[in-house]
Amino acid sequence: MKLKRLGLIINPWAGVGGPAGLKGSDGAKTVEQALAAGAEPQAQKRAATALEALQPFRDQLEILCFSGAMGETVARDLGFRATVVGGAPTEPSIPEDSERAARAIRDASADLIIFAGGDGTARNMVNALGSDFPVLGIPAGVKMHSACFAISPRAGGEVLRRLMAGQLVDLREREVRDIDEKSFREGRVSTRYYGELLAPEEGHFLQAVKNAGREVEELAVADIAAEVVEELDPDTLYIFGPGSTTLAILGEMGREGTLLGVDLLRGGEVIAADVSAADIEGALAEHQGPAKIILTAIGGQGHLIGRGNQQFSPAVLRAVGRDNLVAVATKTKITELNGRPLLIDSGDAALDESWSGFIRVITGYRDAILYPLSNGNL
C-alpha cells in the first residue's frame, strides 16, 4: 500500500480536559471548564507531529480534510496540498462532524484516514466507516483504551512514512473501546467494546488494548506499598499519579487518595486531592524543595506518562526531573508487556527523548528491576 491521498480528521478539543484533571473532554461544558482552567488544545499540534514524517513526500501527497481546525489549517501550515471536502457547520465542532468528515473523505477516494482524537473519536470512526476502511489513530485524547492508536504521534508518523515509501504494512482489525466519563470522574472504570477498525499494524508502533481489569495481586501491591512508604521523606512533596497501585501506597499510610486523579502528599498528609497540571505547577513553585512523582503503568499498554495522567505536563515533568520519578508496577504487569518497553508520550518530543532509557521500577518489598522507558522510537 502506497499513500497518494491521505484523509485527515482532527477533533480540535480532544484531550483538553486532561491537564485540568477533568479525566476526559466529552461535552461542551467540559471543554469550557478546561479552557477556563487555562488548558490549551493539543490535538492540532499532535496531528502536525505525525504529519511531519511525511515532509519528504509532500509533493507526492494530497490531503483530504474538513475546513479549519478539523484538518485544513494543519495541512496547509505544513505545506501540504489540501483538498477541503466539507466543514463543521458550527464552532466548536461536535462528534457528528467527525463522522461526516470520515464519510466525505472516504467517498473522495482517500487511501487511508488518520484521525487525531481519543476513544470517542475512534467510536465516531466505527460509526462512520465500520471495519472496512483503513484508519490510524493519532493519540490526542485523555484515556485511549482502544488499539487503533499509535503509541505516540511520532510513532504514527513513522507508520505513515513506511506506507508512503511503499513498504509492506499489515492491515488488521483493532479493537475500539471507550469509557463512561461520568463514571470515570466518580472513580469507577467502566469500559465498553464498540467495534473494530481496520488499522495498519506495524511492530511496536501501535498500542495494545488497555487491560481494564483491576489486577488481583493484593500481596504484591501491598509489598510495593510497604517499600515506597518506608522510603518516604517528610520534607519531600510527593505527586501521586492515578491507579490502584499508587492508591494502595496512600492506603498503607492510612490516607485516602483519588483512584483516577492526582494527589499531593507532604509530611505524611494529603495536602491536595484530584489536582490539575496548574495546581501541581503552583505547588512546586510554593514548595521550593525536593519533589518526586510516583507513577504506575497502564496494564496491557505500558504507558507510564501520557494516558489518563496528562496532569503531568511537560512543565511539571521538567520541574521535578527524571531522577525523581518513582515507577511502581507488579511483575505480572511488567511480564504482560511481553518485552515491550514502558512508554512516555508527554506531548513534548524533546522531553520524551531525554527521559527515554532504563529506569528503576519498584516491583515489591526490597525488590526492583531496571526496565526500558521509551518514546516509541526504538
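**Salt bridges and burial**

Modeller: Aspartate 178 has a relative accessible area of 3% and is therefore buried; buried means under 20% relative accessible area, exposed over 50%, and partly exposed in between, with a 1.4 Å probe and protein chains only. The model is a predicted one: local features need pLDDT of at least 70, side-chain atom pairs count only at pLDDT 80 or more, and totals for chains, interfaces and linings use all residues. Residues are numbered from 1 along each chain as its sequence is written, and side-chain values use heavy atoms, with hydrogens and water left out.

The partner of aspartate 178 is arginine 123; they form a salt bridge in which the closest N and O atoms are 3.0 Å apart. This pair links distant parts of the chain, since arginine 123 belongs to helix 5 (residues 119-129) and aspartate 178 to strand 6 (residues 170-179), 55 residues apart. A salt bridge here is a side-chain nitrogen of Lys or Arg within 4 Å of a carboxyl oxygen of Asp or Glu. Helices (H or I, at least four residues) and strands (E, at least two) are DSSP runs, numbered from the N terminus. Arginine 123, at a relative accessible area of 29%, is partly exposed, whereas aspartate 178 is buried.

Aspartate 345 and arginine 307 form another salt bridge, and their closest N and O atoms are 3.0 Å apart. Here too the pair links distant parts of the chain, 38 residues apart. Aspartate 345 is in the loop between strand 14 (342-344) and helix 13 (349-355), and arginine 307 is in the loop between strand 12 (303-305) and helix 11 (314-320). Aspartate 345 counts as buried because its relative accessibility is 4%. Arginine 307 also counts as buried, at 4% relative accessibility.

Arginine 106 and aspartate 107 give a salt bridge with another setting. Their side chains meet at 3.2 Å, N to O. Aspartate 107 has a relative accessible area of 57%, so this residue is exposed. Arginine 106 is partly exposed, its relative accessible area being 31%.
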